[in-house]
Amino acid sequence: MANGSVLVVDDEPNIALSLEYLMKGQGFEVRVARDGEAALEALRERLPDVMLLDVMLPKRDGYDVCQTVRATPEWKGLRIIMLTARGRAIEQEKGLALGADDYITKPFSTREVIERVRQYMPVAGA
């Protein structure tokens, strides 16, 4: 039994791969989407517990995906952690205003990502 599930949404192959490897190493079930459309498609298939969502994505950016998730009642329990190379406060505020639960700036430490994901995982049996 997995400790929870994570959807990694990043168009940068090496980042997506390293996050996938990192999350699997923590015992999470992991799926990867390479763009905003694929992310929404993955959510329709099966809702993860946590989504690691890059802001800069092809087709639909992370802000748009975040907004769509928050506008979809069936997805309201999904925890969203936005990842971005843009660390300016205005971008963080925009992401949080659109409904993201948290924000991690690239380059990030693997420990920080693991801690944040664990923080938002539902407690087993809760």
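Figure 1. S5 lies in strand β1, where strands (E, at least two residues) and helices (H or I, at least four) are DSSP runs numbered from the N terminus. This is a predicted model, in which local features need pLDDT of at least 70 and side-chain atom pairs count only at pLDDT 80 or more, while totals for chains, interfaces and linings use all residues. Residues are numbered from 1 along each chain as its sequence is written, and side-chain values use heavy atoms, with hydrogens and water left out. S5 counts as buried because its relative accessibility is 12%; buried means under 20% relative accessible area, exposed over 50%, and partly exposed in between (1.4 Å probe, protein chains only). When neighbours within four places in sequence are set aside, the contacts of S5 are E29, L47, P48, D49, V50 and M121; contact means heavy atoms within 4.5 Å.

Figure 2. Helix α1 comprises 13 residues, 13-25. From first C-alpha to last it reaches 18 Å, close to the 18 Å expected at 1.5 Å a residue; the expected span is 1.5 Å times one less than the number of residues. The buried residues of α1 are A16, L19, E20, L22 and M23. They lie on the same side of α1 because they cover an arc of only 165° around the axis, the arc being that of the directions from the helix axis to the C-beta atoms. An α-helix has 3.6 residues a turn, so residues three or four places apart point the same way. On the other side of α1, N14, L17, Y21 and G25 are exposed. Just after α1, G27 adopts a positive phi of about 90°.

**Figure 3. The cover over the buried residues of α1.** Among the elements that cover these residues are the strands β1 (5-9), β2 (29-33), β3 (50-54) and β4 (79-84). Helix α5 (110-120) is also included in this cover.

Figure 4. Five strands form an open sheet in the order β2-β1-β3-β4-β5, with parallel pairing; two strands pair if DSSP finds at least two bridges between them. The edge strands, β2 and β5 (102-105), each pair on one side only. From one strand to the next, the twist averages 20°. Axes are lines fitted to C-alpha atoms, for helices over the stretch in contact, and angles run from 0 to 180 degrees between N-to-C directions. Helix α1 packs on the sheet and touches β1, β2, β3 and β4, with its direction at about 170° to that of β2. Helix α5 also packs on the sheet, touching β1, β3, β4 and β5, and its direction makes about 170° with that of β5.
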